[in-house]
Amino acid sequence: MKQVIATTAAPEAIGPYSQAVEAAGMIFLSGQLPINPATGTMPEGIQAQTRQSFENIKAILAKAGCTVDHIVKTTVFLADMSLFGAMNEVYAQQFDGAFPARSAFAVKELPKQALVEIEVIAVKA
């Protein structure tokens, strides 16, 4: 059985998908663009965009009764690998203690010309 997780504290899905789905104690978040849910806009620059993506992730996790401490895997999509270092600085600040497993890729283009999109998998303890 699966349960859809949705919150207005994160941007609405811009297509036929859910913000997140919980199944068997695992929470699968769709990729989070750096869209401010209150304004519908994206901040400028990779560091501000990375922070906003994590704010969206945190809001969805909170709706599921979790925090970033429950994240076991992240996937980071970047508009260009030259952004990796600056993204990584902000990324590292999001976690206390052990980091989750991670993959990071440069892609040809992200929706809405975002510089970053981050998806996560979390496990309820």
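A residue counts here as buried when its relative accessible area is under 20%, as exposed when that area is over 50%, and as partly exposed in between (1.4 Å probe, protein chains only). By this scale Lys 124 is partly exposed, with a relative accessible area of 34%. The structure is a predicted model, where local features need pLDDT of at least 70 and side-chain atom pairs count only at pLDDT 80 or more, while totals for chains, interfaces and linings use all residues. Residues are numbered from 1 along each chain as its sequence is written, and side-chain values use heavy atoms, with hydrogens and water left out.

Helices (H or I, at least four residues) and strands (E, at least two) are DSSP runs, numbered from the N terminus, and two strands pair if DSSP finds at least two bridges between them. On these terms there is an open sheet of six strands, in the order 1-2-3-6-4-5 and with mixed pairing. Strand 1 (2–5) and strand 5 (101–106) sit at the edges with a single partner strand each, so one side of each has no neighbour in the sheet. Neighbouring strands are turned by 15 degrees against each other on average, direction ignored; axes here are lines fitted to C-alpha atoms, for helices over the stretch in contact, with angles running from 0 to 180 degrees between N-to-C directions.

Strand 2 (residues 20–23) and strand 3 (residues 26–29) pair in the antiparallel sense over four bridges, with Ala 20 opposite Leu 29 in strand 3. Helix 1 (residues 46–63) packs on the sheet and touches strand 1, strand 2, strand 3, strand 4 (71–78) and strand 6 (116–123). Its direction makes about 30 degrees with that of strand 6. Contact, in this text, means heavy atoms within 4.5 Å.

Further along, strand 4 and strand 5 pair in the parallel sense over six bridges, and Val 76 stands opposite Ala 104 in strand 5. Together with helix 2 (residues 84–92), strand 4 and strand 5 make a right-handed β-α-β unit; right-handed means that, with the strands pointing away from the viewer, the path from the first strand over the helix to the second runs clockwise.

Now for the charged side chains. A salt bridge is a side-chain nitrogen of Lys or Arg within 4 Å of a carboxyl oxygen of Asp or Glu, and the structure holds two of them. One joins the side chains of Lys 124 and Glu 22 (3.4 Å, N to O). Lys 124 lies in the segment after strand 6 and Glu 22 in strand 2, so this pair ties together parts 102 residues apart in sequence. Glu 22 counts as buried, at 15% relative accessibility. Glu 55 forms a salt bridge with Lys 58, with the closest N and O atoms 3.9 Å apart. Both residues lie in helix 1, three residues apart, or about one turn of the helix.

The aromatic rings come last. Rings of Phe, Tyr and Trp (its six-membered ring) pair if their centres lie within 6.5 Å; planes under 30 degrees apart count as stacked, over 60 as edge-to-face and the rest as tilted. By this rule there are five aromatic pairs. Phe 54 and Phe 95 have ring centres 5.8 Å apart and planes at 85 degrees, so they are edge-to-face. Phe 54 is in helix 1 and Phe 95 in the loop between helix 2 and strand 5, 41 residues apart. Phe 54 and Phe 95 are both buried. Phe 54, Tyr 91, Phe 95 and Phe 99 form one aromatic cluster.
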